[in-house]
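Please look at the sequence and the 3D structure shown below before reading on.

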Amino acid sequence: MDSDSEIITQINVLAANGDEAADALELIRLEEATHGNDVQVLSIDGAAFNGPVLRELEDPEGLNVATYVPVPDESSSELFPPEAFVEDAGICYDSARASEGGTKTGANQLALTRTN
């Protein structure tokens with residue numbers, strides 16, 4: 001976009017199955033190279049909730065762009081939801097419970113038992 005006239009001067013069109021998150025990297029680099037801008041913040045939709053792309057965007061030695069992306073909702077599953085598990089105090093052990101005589105499962109680990 002031309003900053004003086006606010007006329008769109010270029011667009012980038014992806015295929016229907018295009019990688020929007022990776023394309024954000026290209027657009028940031030293009031903006032910085034073309035206009036000499038140092039892009040500092042990017043707000044993008046959930047397509048950018050992508051670990052490698054976020055790491056590259058926010059790398060202090062690279063683009064160093066603070067990126068705001070909505071966290072996706074956890075997908076629903078009928079398999080084993082978190083509420084199907086309870087802490088089994090009989091086999092849980094950590095340093096705070098050493099006097100309870102529990103069986104050690106590992107440093108600061110909880111033993112969980114499925115309830116259904």
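## Briefing on the predicted model

Leu 63 is found in the loop between α2 and β2, where helices (H or I, at least four residues) and strands (E, at least two) are DSSP runs, numbered from the N terminus. This is a predicted model, in which local features need pLDDT of at least 70 and side-chain atom pairs count only at pLDDT 80 or more, while totals for chains, interfaces and linings use all residues. Residues are numbered from 1 along each chain as its sequence is written, and side-chain values use heavy atoms, with hydrogens and water left out.

**Overall layout**

- The protein has 2 helices and 4 strands, and from the N terminus on its elements follow the order α-β-α-β-β-β.
- Of the 116 residues of the protein, 18% count as buried, where buried means under 20% relative accessible area, exposed means over 50%, and partly exposed lies in between, for a 1.4 Å probe and protein chains only.
- Among contacts (heavy atoms within 4.5 Å) between residues at least 6 apart in sequence, 47% join residues at least 24 apart.

- Leu 63 counts as buried because its relative accessibility is 11%.
- Leaving aside neighbours within four places in sequence, Leu 63 is in contact with Leu 25, Ile 28, Arg 29, Glu 32, Val 39, Glu 56 and Leu 57.
- Leu 63 and Gln 40 are 23 residues apart in sequence, and their C-alpha atoms are 8.4 Å apart in space.
- A nonpolar core is a set of buried Ala, Val, Leu, Ile, Met, Phe, Trp, Tyr and Cys residues joined through side-chain atoms within 4.5 Å; of the 14 residues in the largest one, Ile 28, Leu 42, Ile 44, Leu 57, Leu 63 and Val 65 touch the most other members.
- Helices α1 and α2 each supply at least two residues of this core, and α1 gives the most to it, with 4 residues.
- Leu 57 touches Leu 25, Ile 28, Leu 42, Leu 63, Asn 64, Val 65 and Thr 67, when residues up to four places away in sequence are not counted.

**Helix α1**

- The expected span of a helix is 1.5 Å times one less than its number of residues, so the 16 residues of α1 (residues 20-35) should span 22 Å, and this agrees with the 22 Å between its end C-alpha atoms.
- Ala 21, Asp 23, Ala 24, Leu 25, Ile 28 and Glu 32 are buried in α1, and the buried residues of this helix pack against β1 (41-43) and α2 (51-58).
- After α1 comes Gly 36, which has a positive phi, near 70°.

**The largest pocket**

- The largest pocket holds about 480 Å³ of space, a volume being the space filled by probe spheres set on grid points that are joined across faces, edges and corners.
- Of the 16 residues that line this pocket, Met 1, Gln 10, Leu 27, Leu 30 and Glu 31 are the closest to its centre.
- On a 1 Å grid over the protein atoms alone, a pocket is an open set of points where a 1.4 Å probe fits, with protein on both sides within 12 Å along at least five of seven lines, and its lining residues have an atom within 4 Å of a point.
- Helix α1 gives the largest share of the lining, 8 residues.

**Residues with a positive phi**

- Most residues other than glycine have a negative phi.
- Glu 6, in the segment before α1, has a positive phi near 60° although it is not a glycine, and it is exposed, with a relative accessible area of 60%.
- Asn 64, in the loop between α2 and β2, likewise has a positive phi, near 55°, in a residue other than glycine, and it is partly exposed, with a relative accessible area of 46%.

**Two further residues**

- Pro 52 lies in helix α2 and counts as exposed because its relative accessibility is 54%.
- Pro 52 and Ala 21 are 31 residues apart in sequence and 9.5 Å apart in space, C-alpha to C-alpha.
- Asn 12 has its place in the segment before α1 and is partly exposed, with a relative accessible area of 37%.
- Not counting residues up to four places away in sequence, Asn 12 touches Asp 23 and Leu 27; Asn 12 and Asp 23 are 11 residues apart in sequence and 8.9 Å apart in space, C-alpha to C-alpha.
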